[in-house]
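Subject: Structure handover

Hello,

Here is the structure we talked about, with the sequence. My notes follow below it.

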Amino acid sequence: MEYRYCGKSGLQLPVVSLGLWHNFGNATPFSTQEEIVLHAFDKGITHIDLANNYGPPAGSAEENFGRMMARELKSHRDELIVSSKAGHYMWSGPYGDQTSRKNTFASLHQSLKRTGLEYFDIFYSHRYCPEVPLEETVQALIDIVKQGKALYVGLSKYPAHLASQACDMMAEQHVHCLIYQDRYNMICRKPEAEHFNFLRDKGVGFIAFSPLAQGLLTNRYINGIPADSRVYKEGAFLHKEDITEEWVEKARRLNEVAASRGQSLAEMSLAWVLAKEYVTSVIAGVSSIRQLDDNVAAADSKPFTHDELNEIDSILGNSIVR
Ligand SMILES: NC(=O)c1ccc[n+]([C@@H]2O[C@H](COP(=O)([O-])OP(=O)(O)OC[C@H]3O[C@@H](n4cnc5c(N)ncnc54)[C@H](OP(=O)(O)O)[C@@H]3O)[C@@H](O)[C@H]2O)c1
């Protein structure tokens, strides 16, 4: 596994991180989940990405990970970077959603309890919330670091100019914003125009979520939708309407480019993200050890030629969102 420094910090992250958004709630047998997480750790994936609402039901991914920590990983706590987040809907009433100081602290305390951890390595504000003053959310993050409840803090899904302001506010109080997390893959390239410049200027690392576009940028749907796909699972954000004939044709052609490079499409898709100078790590989700091993191989990928990059862009064409 390759490890990269996260922006201008001393923290190194594995280029492939593991996300527990799907497949780690109570709908998946605990033994399957634990096998995947332990295998990931054996492969050098030292960074596990969680959030309060991962499941289903919400909270169960943190609880299940907490069980794994207690059973198998306790003695490896200092070899692990565990992140969690607050900001999306979690419980009813005025304090179970959004990014107020009240919600951020209550959610953090609940997440620490569910995971059984004394602190998170990274704690994120999960989204920008226009109803809440930016200063309030940022102050909560600063205080979380100062109270030792997280070693580092980060932001996810913030408009670039507000994320930039938030980083400045943290710096004024001697807290460095470690990392920014957003969707980034061969289809969704928005962070290139909107975020990369300010992140580089401020020395903040970038971690890409959904680097495989939830499986679209793999060979998973080339021969139809498999019965065990996330498409058919509770709380799915990938829908069968997303898997059009037009898309499948593009995926087939991308798969050919990957094959000509001696890779699977998943491996090539992750390598494409990691080839960007400013990316620290990709957070890939998986439903099996086979997928995990496939994804880990991206860490050793060969560089892309200009012709390959042009071929990818021409296949994707109007699917690319900038
Ligand atoms: N900050 C945020 O708001 C935010 C939002 C979304 C995600 N995230 C983080 O990012 C993580 C990853 O998101 P994601 O799950 O959407 O990521 P993804 O890596 O784009 O998609 C993962 C899915 O792709 C399929 N897959 C993975 N590897 C494969 C392979 N080698 N071959 C074939 N299919 C493969 C699997 O689908 P099946 O399950 O169908 O097999 C897997 O569950 C999350 O777990 C979470 O930690 C953060």
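Strand β6 is largely enclosed by the rest of the structure, because six of its six residues are buried. Buried means that 20 or more other C-beta atoms lie within 10 Å of the residue's own; exposed means 12 or fewer, and partly exposed is in between, with C-beta atoms placed from the backbone. Strands are DSSP E runs of at least two residues and helices are H or I runs of at least four, both numbered from the N terminus.

Two housekeeping points. This is a predicted model: local features need pLDDT of at least 70, side-chain atom pairs count only at pLDDT 80 or more, and totals for chains, interfaces and linings use all residues. Residues are numbered from 1 along each chain as its sequence is written.

**The barrel**

β6 belongs to a closed barrel of eight strands, in the order β3-β4-β5-β6-β7-β8-β9-β10, with parallel pairing. Two strands pair if DSSP finds at least two bridges between them. From one strand to the next, the twist averages 30 degrees. Axes here are lines fitted to C-alpha atoms, for helices over the stretch in contact, and angles run from 0 to 180 degrees between N-to-C directions.

Some of the pairings in detail:

- β5 and β6 run parallel and are joined by four bridges. S84 stands opposite F123 in β6.
- β3 and β4 pair in the parallel sense over two bridges. L18 has I48 in β4 as its bridge partner.
- β3 also pairs with β10, again parallel, over three bridges. S17 faces I283 in β10.
- β7 (150–156) and β8 (177–183) are parallel too, over four bridges. G154 has I179 in β8 as its bridge partner.

Helix α4 packs on the sheet and touches β6 and β7. The direction of α4 makes about 155 degrees with that of β7.

Which way do the residues of β3 (16–19) point? V16 and L18 point one way, S17 and G19 the other, and all are buried.

**Helix α2**

α2 spans 60–73. Its buried residues are A61, E62, N64, F65, M68 and L73. They lie on the same side of α2, because they cover an arc of only 160 degrees around the axis. The arc is that of the directions from the helix axis to the C-beta atoms. As a reminder, an α-helix has 3.6 residues a turn, so residues three or four places apart point the same way. On the other side of α2, A70 and R71 are exposed. The buried residues pack against α1 (30–42), β4, β5 and α3. Contact means C-beta atoms, placed from the backbone, within 7 Å.

Most residues other than glycine have a negative phi, and most peptide bonds are trans. Please look at these exceptions.

The bond between G55 and P56 is cis, with omega about 5 degrees. The bond from P56 to P57 is cis as well, with omega near -5 degrees. P56 sits in the loop between β4 (47–49) and α2, and P57 lies in that loop too.

Q98 is not a glycine, yet its phi is positive, about 70 degrees. Q98 is in the loop between β5 (81–86) and α3 (101–115). Q98 is partly exposed, with 19 other C-beta atoms within 10 Å.

Q214 also has a positive phi, about 65 degrees, without being a glycine. Q214 is in the loop between β9 (205–209) and α8 (245–260). Is Q214 buried or exposed? Q214 is buried, with 23 other C-beta atoms within 10 Å.

**C129**

C129 is in the loop between β6 (120–125) and α4 (134–146). C129 counts as buried, with 20 C-beta neighbours inside 10 Å. Leaving aside neighbours within four places in sequence, C129 is in contact with G87, Q98 and T99. C129 and D97 are 32 residues apart along the chain, and their C-alpha atoms are separated by 9.7 Å.

**The ligand**

How many residues surround the ligand? There are 30, and the closest are G19, W21, G215, A266 and G285.

By class, the shell has 10 nonpolar, 15 polar and five charged residues. Ala, Val, Leu, Ile, Met, Phe, Trp, Tyr, Cys and Pro count as nonpolar, Asp, Glu, Lys and Arg as charged, and the others, Gly among them, as polar. β10 (279–284) and α10 (289–296) each supply at least two residues of the shell. The largest share, three residues, comes from α10.

Best wishes

How values were computed: Near = placed C-beta within 6 Å. Contact = placed C-beta atoms within 7 Å.
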